[in-house]
Amino acid sequence: MIPLARNKITVVGAGHVGGTCAQRLAEMEIANVVLLDIEQDLSEGKMLDLVESAPIYGYDTRLVGTTRYEETEGSDIVIITSGVARKPGMSRDDLLRVNVGIVKGVTEWVVRHSPSAILLVVSNPLDAMTYVAHRVSGFARGRVVGMAGVLDSARFRAFIAMELDVSVESVQAFVLGGHGDGMVPLPRLTTVGGVPITEMITKARLDALIQRTRDGGAEIVRLLKTGSAYFAPSAAVVEMAESILKDKKKILPCAALCRGEYGVHDLFVGVPVKLGAKGVEQIIQIALTEEESAAFQKSATAVSDLCRAVDKML
Ligand code: NAD
């Protein structure tokens, strides 16, 4: 068992996303890390590999790879990446049944050993899996949050930066709604060095970048041929974990449980939130135009349909 002098993060699922999360967290030295997988030896192997990288990178993060939830005891944050990744031609929704069972089982174990943790869900279909983790854990709504908007926004920002040949750091963008084909990028609130994007790029080009953002996950799946994206997804969830551990209170688009906000009731959907030590500390309400609102509601309806299907499986 690792000492609790530092914060402790458990990453469940030692696949592409989970393993890369563990690497990023280890290198940042912001918490000791436990990597857990159902597959015998997989997380042990990855963590040993990371331990052997430590002298070169100079980190003293304590790292444990395991199949046993006892080792995860008292985690401050648990990142759930366990599940089956999307294969070429497979929609996120095809994954539903398999991943509901996995995320349900994982959450039950996590709650038993880390009753005070904040859960960051990555498994797809994201909004529905976050809903499963919330329902099964019974945790307060601020302590269960899903990663999608940070990734979708990062993709949008990267495409804009490439198009304009500017630093990614100068590009601010927000993508709201469900993590699916109906995600809602908000060009109106997208800026480059504070200048509205609509003044820097033609509508036709902007529409093309929005479409590429919507198809961002599928584009990587097509190129990789086996498995789906993991560098950007792991970076996104680690940014969320850091904001929580350091109580930075970053405003990030995350899947949070809406109870009336944005006209959505009892669903996890991508909205701007303040992420701090208590998890989701606030849902930031911004007035949407009629068009944005219609797109957001359409996306929320798709999430709702998924969650009603999930209800029958739990
Ligand atoms: P992967 O197949 O590489 O890894 C998944 C891991 O989960 C495997 O190692 C597997 O053994 C493990 N696992 C399965 N059942 C388990 C259980 N019951 N307990 C513990 N571990 C278990 O997949 P990946 O590329 O790492 O993706 C992981 C998940 O994240 C997928 O559902 C994928 O669709 C999703 N994802 C989401 C986003 C997002 O934006 N939210 C982005 C990328 C990937």
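Let's start at the ligand: two helices, α1 (16–28) and α3 (96–113), each bring at least two residues to the shell around it. Of the elements that contribute, α3 gives the most, with three residues. Keep in mind as you look around that this is a predicted model.

How many residues surround the ligand? There are 25, and the closest are His-16, Val-17, Asp-37, Val-122 and Met-147.

Now zoom in on some individual atoms. Asp-37, already met among the closest residues, places a polar side-chain atom 2.7 Å from an oxygen atom of the ligand. In Asn-124, an N or O atom of the side chain is 3.1 Å from a ligand oxygen atom. With Ile-38 the backbone takes part: one of its N or O atoms lies 3.4 Å from a nitrogen atom of the ligand. As for the ligand as a whole, it would expose 860 Å² if taken alone, and the protein buries 88% of that.

Next, step back to see the whole chain, which is divided into domain 1 (8–146) and domain 2 (149–313).

The area buried between the two domains is about 3,700 Å², with carbon and sulfur atoms giving 72% of it.

How values were computed:
Residues are numbered from 1 along each chain as its sequence is written. This is a predicted model: local features need pLDDT of at least 70, side-chain atom pairs count only at pLDDT 80 or more; totals for chains, interfaces and linings use all residues. Side-chain values use heavy atoms; hydrogens and water are left out. A residue is near a molecule or strand if one of its heavy atoms lies within 4 Å of it. A polar contact is a pair of N or O atoms within 3.5 Å; within protein, one must be able to donate a hydrogen and the other to accept it, and residues adjacent in sequence count only if both atoms are side-chain atoms. Accessible areas come from the Shrake-Rupley method with a 1.4 Å probe; for residues, only the protein chains shown count as cover. Helices (H or I, at least four residues) and strands (E, at least two) are DSSP runs, numbered from the N terminus. Domain bounds come from an automatic or database domain assignment. Buried area is the accessible area (1.4 Å probe) that two parts lose on being put together, summed over both.
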